Amino acid sequence: MKTRSLQAACLVLAILLIFPTMTSAQELKPVQLLEPQMDSGRPLMQVLKDRRSSRAFSTEKLPMQVLSNMLWAAFGVNRPDSGKRTAPSASNRQEIDIYVATADGLYLYDAKAHALEPVLAEDIRAVTGRQPFVQEAPVNLIYVADFSRMGKATDDKKVFYSAADTGFISQNVYLYCASEGLATVVRGLIDKPALTKVMKLRPDQRVILAQSVGYPKQ
Ligand SMILES: Cc1cc2nc3c(=O)[nH]c(=O)nc-3n(C[C@H](O)[C@H](O)[C@H](O)COP(=O)(O)O)c2cc1C
C-alpha cells in the first residue's frame with residue numbers, strides 16, 4: 001500500500017515538474033512579422049552621422065512594426081526571386097541565423113517567411129552577454145553561424161567568413177537603429193559555452209556576436 005502511495009506521489013511530482021515546461025513551451029507561438037515599411041527611414045548620410053554604440057536601454061518593448069522593419073533591415077529577403085538578402089554572405093551561403101531573445105522567450109528569425117519561430121519559452125536575455133544592460137534591453141539579437149551550411153571550407157575559413165558576414169548584418173541593424181532613434185550595441189563579451197548550452201545549439205552552430213536593441217534610457 002505504502003509503495004503504491006509513494007509511486008503515486010512520484011508520478012504527481014513528475015507531472016508537476018514537467019507540466020509547467022510543456023505549458024510554457026506551448027505558450028510561445030510563431031509570430032508573423034509585419035511587412036517592412038520601405039518608405040520609412042532617414043537619408044543615409046544623416047543616419048551614418050548618427051550611428052553609434054549605446055549601452056543604456058529603456059525596458060520599453062519594441063512595437064511589432066519596428067521589430068519587423070529591424071529584422072528585415074538586418075538580414076531580410078530583399079530579392080524574392082533569388083532569395084538573396086539585405087546583407088552579403090560569402091558564396092551566398094546565408095549561414096548566419098538571427099536568434100531573437102525577448103522577455104517572452106527565444107525565437108529564430110525565418111527570413112523567407114518573415115516570421116519568428118519559437119525556440120524556447122524562457123527569458124534568456126541575461127545569458128546573452130556579460131554586461132548588466134543585456135537583461136534590460138527588450139531585444140537581444142544573437143548571431144549564430146551554421147557551419148553545416150558552409151560547404152567543405154576549412155574551419156579557419158568558416159570562422160573568418162561567418163565573422164565577416166555577421167559584421168554586415170550587425171551594421172544593417174546599427175543603421176536601422178540610427179535612423180529610428182533606437183539604442184544598440186554589438187557585443188562580443190559573451191559567455192559562449194553558457195549561451196550555447198541554454199540555446200541548445202548543435203556542435204556545428206557557433207555563437208558569433210550578440211547585439212542589444214531598444215529605446216534609449218531617458
Ligand atoms: C566585434 C565587436 C565586438 C564588440 N563587443 C562589444 C562588447 O562586448 N560590449 C560592448 O559594450 N561593446 C562592444 N563593441 C562595441 C565597440 O566597443 C564600439 O563599436 C566601439 O567602442 C566604437 O564605438 P561606436 O560603435 O559608438 O563607434 C563591439 C564592437 C565590435 C565591432
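Visitor: What is the strand order of the open sheet of seven strands?

Guide: This is a predicted model, where local features need pLDDT of at least 70, side-chain atom pairs count only at pLDDT 80 or more, and totals for chains, interfaces and linings use all residues. Residues are numbered from 1 along each chain as its sequence is written, and side-chain values use heavy atoms, leaving out hydrogens and water. Strands (E, at least two residues) and helices (H or I, at least four) are DSSP runs numbered from the N terminus, and two strands pair if DSSP finds at least two bridges between them. Pairing is antiparallel, and the order is β1-β6-β5-β4-β7-β9-β8.

Visitor: Which are the edge strands?

Guide: An edge strand pairs on one side only. The two are β1 (31-32) and β8 (183-187).

Visitor: Which helix makes about 160° with β4?

Guide: Contact means heavy atoms within 4.5 Å. Axes are lines fitted to C-alpha atoms, for helices over the stretch in contact, with angles from 0 to 180 degrees between N-to-C directions. The helix packs on the sheet and touches β1, β4 (96-101), β5, β6, β7 (139-146) and β9 (205-214). This is α3 (residues 64-75).

Visitor: At what angle to β9 does helix α5 run?

Guide: Helix α5 spans residues 192-199. It lies across β4, β5, β6, β7 and β9. Its angle to β9 is about 90°.

Visitor: Which residue in the turn between β4 and β5 has a positive phi?

Guide: β4 and β5 pair antiparallel over three bridges. Ala 101 has Leu 106 of β5 as its bridge partner. Four residues separate the strands of this hairpin, and a phi of about 160° belongs to Gly 105.

Visitor: Which residue has a positive phi in the turn between β5 and β6?

Guide: Five bridges join β5 (residues 106-110) to β6 (residues 115-120). Tyr 109 partners Leu 116, and Leu 108 stands opposite Glu 117. Again four residues lie between the hairpin strands. The phi of about 45° is that of His 114.

Visitor: Is Ser 212 buried or exposed?

Guide: Ser 212 sits in strand β9. Buried means under 20% relative accessible area, exposed over 50%, partly exposed in between (1.4 Å probe, protein chains only). Ser 212 has 0% relative accessibility, so it counts as buried.
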